[in-house]
Amino acid sequence: KHPQGGDEYQTNPNLCGRKTTRSADPASTVLFYEMSVAPNGTRAVLFADGHVKRLSENDWQGLKKAQRIP
């Protein structure tokens, strides 16, 4: 859960039952993401290689579409 808002982080449903070690590009494969946009217009995204990045809403929407995340 998010420490401030209490919202649960969302998982990438496309990875259900798959081993993330087999990802072709773990640095750009989304594992978890914040459901809501932060007040500064970004959301945190955790990638399969372990790094976390805050993305603008436009960047998030593009990544979400590219990875077919509902």
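Modeller: A pocket here is an open set of 1 Å grid points over the protein atoms alone, where a 1.4 Å probe fits, with protein on both sides within 12 Å along at least five of seven lines. The model is predicted: local features need pLDDT of at least 70, side-chain atom pairs 80 or more, while totals for chains, interfaces and linings use all residues. Residues count from 1 along each chain, and side-chain values use heavy atoms, without hydrogens or water.

Biologist: How much space lies in the largest pocket?

Modeller: About 200 Å³, the space filled by probe spheres set on the points.

Biologist: Which residues lie nearest its centre?

Modeller: His-2, Glu-34, Ser-36, Val-37 and Ala-38. The lining has 13 residues in total, each with an atom within 4 Å of a point.

Biologist: New topic. How many aromatic pairs does the whole structure have?

Modeller: One. Tyr-33 and Trp-60 form a tilted pair, because their ring centres are 4.6 Å apart and their planes sit at 35° (pairing: centres within 6.5 Å; stacked under 30 degrees, edge-to-face over 60, tilted for the rest).

Biologist: Where in the chain are Tyr-33 and Trp-60?

Modeller: Tyr-33 is in strand β2, residues 30-33, and Trp-60 is in helix α1, residues 57-66. They are 27 residues apart, so the pair links distant parts of the chain.

Biologist: Are Tyr-33 and Trp-60 buried or exposed?

Modeller: Both are buried (under 20% relative accessible area). They also belong to the largest nonpolar core, with Val-30, Val-45, Phe-47, Leu-55, Leu-63 and Ile-69. Core members join through side-chain atoms within 4.5 Å.

Biologist: Which elements give two or more residues to this core?

Modeller: β2, β3 (42-47) and α1.

Key
Phe/Tyr/Trp six-rings, centres within 6.5 Å; stacked < 30°, edge-to-face > 60°. Helix = DSSP H or I, 4+ residues; strand = E, 2+ residues; numbered from the N terminus. Buried < 20%, exposed > 50% of the residue type's maximum accessible area, 1.4 Å probe, protein only.
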